[in-house]
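Thanks for coming. I will go through one structure this morning, starting with a strand pairing and ending with salt bridges.

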Amino acid sequence: MSTLSKVFTVLLVIFSIAFTVMTVSFAANSANWRDTALKFQQERDLADSNLRHQIAAGAAQLAAANDALQRQLQRVADLEKSVREKEIALAQLQLDVDRVAAEKSSAEALNRGLVAQLQAAETTRSEYRKQRDELEEQTIELNRRNVDLNERVNELTARIAVLAEQRRQFEQQINLLKQQNEALARSTGATPIGRSMEEPQGAALTGVSAVAPPAQTAIRGKVVDIAGDVVTLSVGSSDGVQPGMVFVVHRGDEYVGDLRIDLVDPERCAGRTLAGGGIARVGDLATDADSMTSLRG
C-alpha cells in the first residue's frame, strides 16, 4: 500500500471518527435541542399564560386604578367645594372677628366708664359709710337718751300716780268739807261758803267736774309717735295743754277718735285713745275737744 493510500486511509479513518463523533454529537444535540425546544415551548406557554394573567391583573389593576382615580377626582372636587365653603366661612368668621373687635372696643370703653362710675360710687360709699358711722353713734346716743327718758317717764308716771292718789284724797276731803259746810249752813240758815263761786265752764250739774280743763284758745297739733295705745302729740304745756284734756284726732275731714291726755311736757303730751275710737296714725291732726265744741256751738 502506498503512502498516499495510507494517508488517505488514515484521513478516511480520522474523518470517519470525526463524522461519527459529529453524528453522535449532532444526534445528541438534536435530542437536546428537541428537549430544549419543548422546554422553551413550555416556558413560552407558561410565560404566555403568565402574561395573560399579568395582562388580566394589569387590566383589573388599571380598572381599580381608574376607579381609585375617579374617587380621588371626586374627592378632589369635594375638597375644592369644601375649600370654597371654608373660604366663605372664613370670610364670615373674619366679619365676626371684626364685629367682635368693634364690640370689644365698645365694651372696653364702657368698662372704663363703669370703672370710673365704680370709683365715684366707692367714694360716695365711703362718705355714706362715714355718715352711717356718725348716725350709728348718734343712734347709740339717742338710745341712751331714750333709756334715760324712759326711766324719767317711769319716774314721772309713778309721781303722777302718787299725785293722782293725793288728788283723790284731797277731793274726798273737799267733798267732806263741803258736806260739813252745807250741814252747818242748813243748821244756821246761812248761805254755804263757796256756793256763790262760779261753776266751772261746761258743768251741767252741781258737784260734777268737767271732763277736761277748758282751753282759752284752740290747741292744734299732730300725732308724732305711737307706742301701743299711747299716742304722742306735738303740743305741750307751753301750748296750754293740761292733763285730763281730750283731743279729737282726725285725718283731714275723717274722724278717727278721742284722745285723753295723761302726760304733759313743755313741748309734748301723750295719752290713750278712748274706747270706740279708731286707730291713729303718725301725721294725723289733733284739736282739743272744747274748742271744737265751742266752734260748733
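Strands here are DSSP runs of E with at least two residues, helices are runs of H or I with at least four, and both are numbered from the N terminus. Two strands count as paired if DSSP finds at least two bridges between them.

Before going on, a word on the source. This is a predicted model, in which local features need pLDDT of at least 70 and side-chain atom pairs count only at pLDDT 80 or more, while totals for chains, interfaces and linings use all residues. Residues are numbered from 1 along each chain as its sequence is written, and side-chain values use heavy atoms, with hydrogens and water left out.

Where does the β1 and β6 pairing belong? It is part of a closed barrel of 6 strands, in the order β1-β2-β5-β4-β3-β6, with antiparallel pairing.

A227 has V230 in β2 as its bridge partner.

Next, strand β2 (residues 230-233) meets strand β5 (residues 269-273) over 4 antiparallel bridges, with T232 opposite A270. On to strand β4 (residues 254-264), which pairs with β5 over 5 bridges in the antiparallel sense. Here L263 stands opposite A270, and 4 residues lie between the two strands of this hairpin.

Now the salt bridges, meaning a side-chain nitrogen of Lys or Arg within 4 Å of a carboxyl oxygen of Asp or Glu. How many does a search of the whole structure find? The count is 10.

One of them joins R272 and D229, at 3.5 Å from N to O. This pair links distant parts of the chain, since R272 is in strand β5 and D229 in the loop between β1 and β2, 43 residues apart. R272 is partly exposed at 43% relative accessible area, and D229 likewise at 42%; buried would be under 20%, exposed over 50%, and partly exposed is in between, with a 1.4 Å probe and protein chains only.

Another joins R99 and D96, at 3.8 Å. They sit 3 residues apart in helix α1 (residues 3-188), so about one helical turn separates them. D96, R99 and E103 are linked in a network of salt bridges.
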